[in-house]
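Subject: Structure for you to look at

Dear colleague,

Here is the structure I said I would pass on. Please open it first; my notes follow below.

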Amino acid sequence: MGGFEGNPDQESAAPPRKSLFRYNSPLFQVSLIGLVCFCCPGMFNALSGMGAGGQVDPTAANNANTALYTTFALFGVLGGGIYNVLGPRLTLAAGCSTYVLYAGSFLYYNHYHHQAFAIVAGANLGIGAGLLWAGEGAIMTSYPPRDRKGTYISLFWSIFNMGGVIGGLIPFILNYNNSTAASVNDGTYIGFMCFMSVGAILSFAILPPSKVIRDDGSSCTNVKYSSISTEAIEILKLFRNWKMLLILPASWASNFFYSYQFTNVNGVMFNLRTRGLNNVFYWGAQMLGSVGIGYVLDFSFSSRKTRGYVGISIVALIGTAVWGGGLANQLNYSRHDLPDKLDFKDSGSDYAGPFVLYFSYGLLDAMFQSLVYWVIGSLADDSETLSRYSGFYKGVQSAGAAVAWQIDQHKVPFLTELIINWSLMTVGYPLLLVLVKLAVKDDKEGEEGAKKEVAPSFAH
């Protein structure tokens, strides 16, 4: 079987050009996948971040998100195998195309208020998102040099979340002069659809791993096209893999809080134009958070294992402080005692505290997810293995999110939702510490892909 589109351009005698921005460099390719995610999931995040998909009644958005994350959970796990069979371009393009339909379903809902289209589009998007994020995870964790994975993860995260920043500006600008608007206008949804379409086109520019050359002349991987039967077996093995079992609680927690933060903090506490402004800073905070934790994970100590310990400890401390602030805020209102809507211009100092809290939620999200991606990237060095690991992470993450959106749909008290979110994230920290201690090595021989290991299994 041939490699991803073959290996004719691996000229061992010719060193790569040293330009930082050459097309086949890891830096350029990770930046490019960042742009793809800027246009597709970045705009999706902006749409979700407005609360209720920009609508007054959250029912359609909650049910669409439940359908989305249910299929995402399945295809997130399968996505790594599909990526290994199809290669990056087809996998990413198929995934990106589903985002456009999802935004269009809310444009339709704006006029007809039939949620069936939104639910079907949500389920379809879950399939596409599973493919996109499995491919993204493989690229982001396997293309960079092994001692700069945190830096490349933060680069990706910053470009990706700029999509949420720009996406937040769209409803903010279009609704700026209307402090009483309840649902976003058609132009907002059309703007999202245009960006998402560009992302689908950009995905065809991603190179397969065999054609991406690092500055030392090595290719990222020599992985060959896989087969469906091989991938099915390898995916099933993930559920007995002790490393994946240790990362499972952090995976489950890592998108669980979105329904609470988007719908019950941003959606409940602020009017429409202010929600758009808040999202600009929520996703902007993610850029700061990913850069900060990326620096710690790559440059703080010479020992990679020590950097992991320090990174986990920092995120745990910040997480405790942020959720503690969230608890103090949540005690001021409930599902049956909703607050008056805050406006960034008219509410004065009352706006400041909730705004800082929402900003901090975005900061913590990026730090937590960048940390988990760094740990995953430290477990192996080839895209074949990392695509499966990333797919497992996104699949479990999405299963958690599907449960979370239905928890909110069943009108669970806001305070209970907050406590569940805080608890789930807290459980993940010590298990990540154990994983770093047992599986992250300071020498290259410890990585899968450099030398295959025989991993212990909890089933033994």
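**Notes on the model**

Pro144 sits in the loop between helix H5 (115-142) and helix H6 (149-174). Helices here (H or I, at least four residues) and strands (E, at least two) are DSSP runs, numbered from the N terminus. The model is predicted, so local features need pLDDT of at least 70 and side-chain atom pairs count only at pLDDT 80 or more, while totals for chains, interfaces and linings use all residues. Residues are numbered from 1 along each chain as its sequence is written, and side-chain values use heavy atoms, with hydrogens and water left out.

Pro144 is buried, with a relative accessible area of 0%. Buried means under 20% relative accessible area, exposed over 50% and partly exposed in between (1.4 Å probe, protein chains only). Leaving aside neighbours within four places in sequence, Pro144 is in contact (heavy atoms within 4.5 Å) with Pro26, Val30, Ile139, Lys149, Tyr152 and Arg214. Pro144 and Ser25 are 119 residues apart in sequence, and their C-alpha atoms are 9.0 Å apart in space.

**The chain as a whole**

The protein chain has 15 helices and 0 strands. Of its 460 residues, 60% are buried. Among contacts with a separation of 6 or more, 87% are between residues 24 or more positions apart.

Two further residues give examples of positions apart in sequence. Tyr83, in helix H3 (residues 59-86), is buried with a relative accessible area of 0%. Tyr83 and Ala134 are 51 residues apart in sequence and 7.1 Å apart in space, C-alpha to C-alpha. Met287 belongs to helix H11 (residues 272-299). Between Met287 and Ile159 there are 128 residues in sequence and 7.8 Å in space, C-alpha to C-alpha. Neighbours within four places aside, Met287 is in contact with Ser158, Asn161, Met162 and Val165.

Helix H13 (residues 352-378) has 27 residues and should span 39 Å at 1.5 Å a residue, and its end C-alpha atoms are 39 Å apart, which agrees. The expected span is 1.5 Å times one less than the number of residues. Because 22 of the 27 residues of H13 are buried, H13 is largely enclosed by the rest of the structure.

In H9, 9 of the 12 residues are buried, so H9 is also largely enclosed by the rest of the structure. Its buried residues pack against helix H8 (228-238), H13, H14 and helix H15 (414-439).

**Two helix pairs**

Two packed helices are described by the angle between their axes and the distance between the axes. Axes are lines fitted to C-alpha atoms, for helices over the stretch in contact, and angles run from 0 to 180 degrees between N-to-C directions.

Helix H9 (residues 242-253) packs on helix H14 (residues 383-409) at an angle of about 40 degrees, with the axes 8 Å apart. H9 and H14 are therefore oblique to each other; angles under 35 degrees count as roughly parallel, over 145 as roughly antiparallel, 65 to 115 as roughly perpendicular and the rest as oblique. The contact involves residues including Met244 and Leu248 of H9 and Phe392 and Val396 of H14.

The axes of helix H10 (residues 258-269) and H15 come within 10 Å and cross at roughly 140 degrees. H10 and H15 are therefore oblique to each other. Ser259, Tyr260, Asn264 and Val268 of H10 make this contact with Phe414, Glu417, Leu418 and Asn421 of H15.

Regards
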